[in-house]
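Subject: Structure for you to look at

Dear colleague,

Here is the structure I said I would pass on, together with its sequence.

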Amino acid sequence: MQQTKIAGIGMYVPAHIVTNNDLKEFMDTSDEWIQERTGIKERRYAHRTEETTTSMGIKAAAIALQRAGITAQEVDFIIFATLSPDYYFPGCGVLLQREMKMKEIGALDIRNQCSGFIYALSVADQFIKTGMYKNILLVASEKHSFGLDFSTRGRNISVIFGDGAGAVVLQPTQKQGILSTHLHSDGSAAEVLAMFNPGTHANHWLDEKLASFDDAEMGQMFMSHAMIDNAENFPNMDGPAVFKKAIIKFPEVIMEALEKNNLQPTDINLLIPHQANLRIAQFVQQKLQLKDEQVFNNIEKYGNTTAASIPIALCEAWEAGKIKEGDLICLAAFGSGFTWGSALLRW
Ligand code: UT7
């Protein structure tokens with residue numbers, strides 16, 4: 001059976017650099033706190049009106065297509081992963097299809113947050129392996145800066161996130177390519193890292209601490225003043241709870257991929273973990289006893305770009321000549337849902 005290869009890769013980050021000290025204008029934080037707890041020094045913010053999640057994705061996609069040697073019209077399926085879409089619906093996939101003047105091909109939107117790229121890669125892999133599609137464009141893009149609480153109330157989250165996009169073109173290969181993908185979820189922690197509103201839950205799943213509106217507001221359940229007052233239109237996170245789970249699940253899902261392919265941590269040429277927190281990546285490195293040159297991190301420059309973080313890091317590593325033909329590359333992610341996953345590929 002044929003396998004799936006990454007035939008082209010691209011990335012785009014906005015020009016506007018926001019340092020940790022810049023954030024002190026809005027909230028009570030410090031460069032020391034952010035660097036010590038997360039490793040982040042700066043992140044990029046998209047232009048408020050001229051850049052969107054889709055438009056950044058298009059820029060990354062154009063590079064990936066050019067490197068794969070195909071045109072937008074030759075793409076036969078789109079997968080778009082994001083948690084910060086331009087519209088509540090429809091998803092960014094169709095906006096990309098329209099703006100890139102593609103044929104009337106399928107466009108699938110993936111909502112798996114930090115694991116979005118791995119989930120999307122796994123879906124693409126199945127479509128390529130079965131022979132259904134030959135040129136899949138996978139785009140992962142986030143415009144977090146538009147939806148963060150920049151007051152001190154939201155500082156545990158807003159200092160982490162940044163904007164950017166990554167894209168890959170996936171094609172069939174007779175060589176090894178993607179060896180395996182591994183996907184997991186645990187919805188018992190759905191509210192640990194979530195943005196509750198706007199949503200249609202009507203407080204059904206939320207405990208009193210999190211639920212904001214009362215009967216008088218039933219007419220405006222989708223979005224109410226109380227929701228805004230309670231910052232429910234912003235992401236909500238129990239950071240330490242996410243951290244504790246992440247440092248268990250990252251090594252576990254990486255080992256799952258290695259064991260499936262009868263490989264060892266020493267066989268990995270480059271691990272590209274989702275850029276959630278440098279401390280998490282360091283913990284994973286230590287746990288698997290990986291050398292520094294076996295792990296690629298760029299969170300210090302871009303923060304956490306959620307679905308886009310792995311393709312951005314993969315692209316930078318490739319551009320820097322850190323990935324050579326035949327290398328064993330491991331991708332792994334953990335985040336909201338909880339969802340997590342890994343992918344092992346032979347470049
Ligand atoms: O990619 C999505 C998945 N997300 C993650 O993987 C995130 C995982 N979690 C983390 O990365 C960390 O939990 C954080 C970086 C979010 C937070 O670091 P922490 O070491 O877990 O800090 P904490 O939340 O326990 O907060 C410690 C203190 C608190 O103050 P008190 O209560 O001890 O007085 C916070 O209010 O740090 C305070 N704090 C801040 N101080 C300065 C929280 N955010 C900030 C901030 N600047 N930005």
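Helices and strands, as I name them here, are DSSP runs numbered from the N terminus, where a helix has at least four residues and a strand at least two. Please keep in mind that this is a predicted model.

I begin with the second largest pocket, which holds about 440 Å³ of space. Its lining is made up of 23 residues, and those nearest its centre are Ile-160, Met-237, Gly-239, Phe-243 and Asn-277. Four elements, α2 (31–38), α8 (239–260), α9 (278–287) and β12 (328–335), each contribute at least two residues to this lining, and the largest share, five residues, is supplied by α8. Sorted by class, the lining of the second largest pocket has 13 nonpolar, eight polar and two charged residues.

The largest pocket has a volume of about 1300 Å³. It is lined by 34 residues, of which Leu-83, Pro-85, Arg-111, Met-195 and Pro-198 are the closest to its centre. In this lining, 17 residues are nonpolar, 13 are polar and four are charged. As to where the largest pocket sits, the domain assignment gives domain 1 (3–174) and domain 2 (196–233), and because both domains give residues to the lining, the pocket lies between them. The C-alpha centres of the two domains are 28 Å apart.

How many disulfides does a search of the whole structure find? The search finds zero. Cys-92 is in no disulfide, and the nearest cysteine sulfur, which belongs to Cys-114, is 16 Å away. For Cys-330 the closest cysteine sulfur is again in Cys-114, at 17 Å; since a disulfide is taken as a pair of cysteine sulfur atoms within 2.5 Å, that distance is too far for a bond. Cys-92 is buried, with a relative accessible area of 1%, and Cys-330 likewise counts as buried, at 0% relative accessibility.

Cys-92 also belongs to helix α4 (residues 92–99), whose buried residues are Cys-92, Gly-93, Leu-95, Leu-96 and Gln-97. These buried residues pack against α3 (53–68), β4 (77–81), β5 (106–110) and β6 (136–142). Just after α4, Lys-101 adopts a positive phi of about 50°.

Gly-321, which follows α11, has a positive phi, near 75°.

Finally, there is Ile-6, which is found in strand β1 (residues 3–12). Is Ile-6 buried or exposed? With a relative accessible area of 14%, Ile-6 is buried, because that value is under the 20% cut-off. Ile-6 and Met-237, by contrast, are 33 Å apart in space, C-alpha to C-alpha, and 231 residues apart in sequence; Met-237 is one of the residues nearest the centre of the second largest pocket.

With best wishes

Conventions:
Residues are numbered from 1 along each chain as its sequence is written. This is a predicted model: local features need pLDDT of at least 70, side-chain atom pairs count only at pLDDT 80 or more; totals for chains, interfaces and linings use all residues. Side-chain values use heavy atoms; hydrogens and water are left out. Buried means under 20% relative accessible area, exposed over 50%, partly exposed in between (1.4 Å probe, protein chains only). Domain bounds come from an automatic or database domain assignment. On a 1 Å grid over the protein atoms alone, a cavity is a set of points where a 1.4 Å probe fits but cannot get out, and a pocket is an open set with protein on both sides within 12 Å along at least five of seven lines; lining residues have an atom within 4 Å of a point. Grid points are joined across faces, edges and corners, and a volume is the space filled by probe spheres set on the points. Ala, Val, Leu, Ile, Met, Phe, Trp, Tyr, Cys and Pro count as nonpolar, Asp, Glu, Lys and Arg as charged, and the others, Gly among them, as polar. Contact means heavy atoms within 4.5 Å.
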